Amino acid sequence: MISFIAGIFLLIVGYIVYGRIVERVFGVDANRQTPCYAKRDDVDFTPIATWRVYLIEFLNIAGTGPIFGAILGILYGPSAYLWIVFGCIFAGAVHDYLVGMISVRKGGASVPDIVGGEMGRTMYRIMFLFSICLLLLVATVFTETSADLMQTLTCDFAWSSKVLWVGVIMFYFLLATIFPISQIIGRLYPLFGACLLIMAVGVLYGIFFEPGRIPEITDGIYSHHPKGLPVFPMLCVTIACGAISGFHATQAPMMSRCITNERHGRKVFYGAMITEGIVAMIWAAAAIKFAGSYENLAAMGTPATVVHTICSSWLGIAGSVLAILGVVVAPVTSGDTAFRSSRLMIAEHYKLGQKSFYKRFYICIPMFALSALLMCVDFSVLWRYFAWCNQTVACIMLWVGHIWLKKNGRNYWIALIPAIFMTVLSISYIILAPEGFDLWNRLSAVRN
């Protein structure tokens, strides 16, 4: 319990202390006009209250990432606490803040435009294709996840099928992607974000008052994984959204177009990432305490099953309702903002104005068709490539942050150090992981 409490404390202190340092290094200007006023179109560029922007940003970047990733990550042992805390403070929150604020300074620029502005036209083209691929993978993965869960929850009804739920979710995605951000996302997402936070608070109560033990750092930071997988780099890819995630870079520009003052950047971008880290800490601790051992947790089934079991056991009927919101609504909301980000990137790339409803609709049709085709690919393959693309994008954006800070005479070390770490992480993962060169299993076979 001491390690868990210390981790939560450090995350809060990290926001207050290191977040302010990062803000000063960047150099916010409260008098500078933000894109929501300079380019206002009431579709994508529109002023939204700071508390709403914060909750939307939190839900956009969170989804089920800090929940599912933390449940899978704690299987590696107490080292998961260290990665969540220090990864979040010094890498993830810095990454999110720099991307969001650079986008603000560049008039709400999307990821490819930010990269192109700092690294040249060739990198712009590479990042454009890479970002679209990542976003389509995110949207497809979360569509399948949500459809599977809804089919499971409604399996007693004869009309229920995965195809039906895919259709329903895709139809919602189309509406959320096309309509102005203030009409659907701006109204519903703060509510959904609040539900995720309330669920986390309820689970936090169970951590303190339900029987069981939470592993401590003193138990050893070596891998406790039942399959013997190494902590580095596997843990750092498994827990992505709770520590650092490239997907966040694609979401930050959407909120950079709605933020009303640069002073709010630390609350929205750095603060949402710290909040996600706290949620990840809560679910990592809850999962292992409820299961009692790493072997028991691995045997409980999918992370969605673990979430539902914990919430229904610790929180009763209310917990079951919140669990459904958490494991169904969260991936849906991440999926639709992934499609929306794709639409914006494509529109900017081809210089297609988005004031017209029909232009937004025409861009969406091929995106949804490609996503439907990707659903024919094995889900486990999709997930593994999504995970690697996710961290590779984070790596690239940290290098972009380093270049921007250096060009502007700022302390670039706050981005350079995590950029080097993430570069080593991405390369190591491809070398060691089963979906890469599988060196870890090859070496294990030689040793045996």
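Is Lys106 buried, partly exposed or exposed? Lys106 is partly exposed, at a relative accessible area of 31% (buried means under 20%, exposed over 50%, partly exposed in between, with a 1.4 Å probe and protein chains only). The model is predicted, so local features need pLDDT of at least 70 and side-chain atom pairs count only at pLDDT 80 or more, whereas totals for chains, interfaces and linings use all residues. Residues are numbered from 1 along each chain as its sequence is written, and side-chain values use heavy atoms, with hydrogens and water left out.

Lys106 forms a salt bridge with Glu118, with 3.1 Å between the closest N and O atoms (a salt bridge is a side-chain nitrogen of Lys or Arg within 4 Å of a carboxyl oxygen of Asp or Glu). Glu118 is buried, with a relative accessible area of 11%. By this rule, 10 salt bridges are counted. One of them joins the side chains of Arg340 and Asp44 (2.9 Å, N to O). Arg340 belongs to helix H14 and Asp44 to the loop between helices H2 and H3, so this pair ties together parts 296 residues apart in sequence. Arg340 is buried at 0% relative accessibility, and Asp44 is buried at 4%. Arg32, Arg105 and Glu262 are linked in a salt-bridge network.

Helices H4 (residues 65-73) and H12 (residues 265-291) pack at about 40 degrees, with axes 8 Å apart (helices are DSSP runs of H or I, at least four residues, numbered from the N terminus; axes are lines fitted to C-alpha atoms over the stretch in contact, and angles run from 0 to 180 degrees between N-to-C directions).

Methods:
Helices (H or I, at least four residues) and strands (E, at least two) are DSSP runs, numbered from the N terminus.
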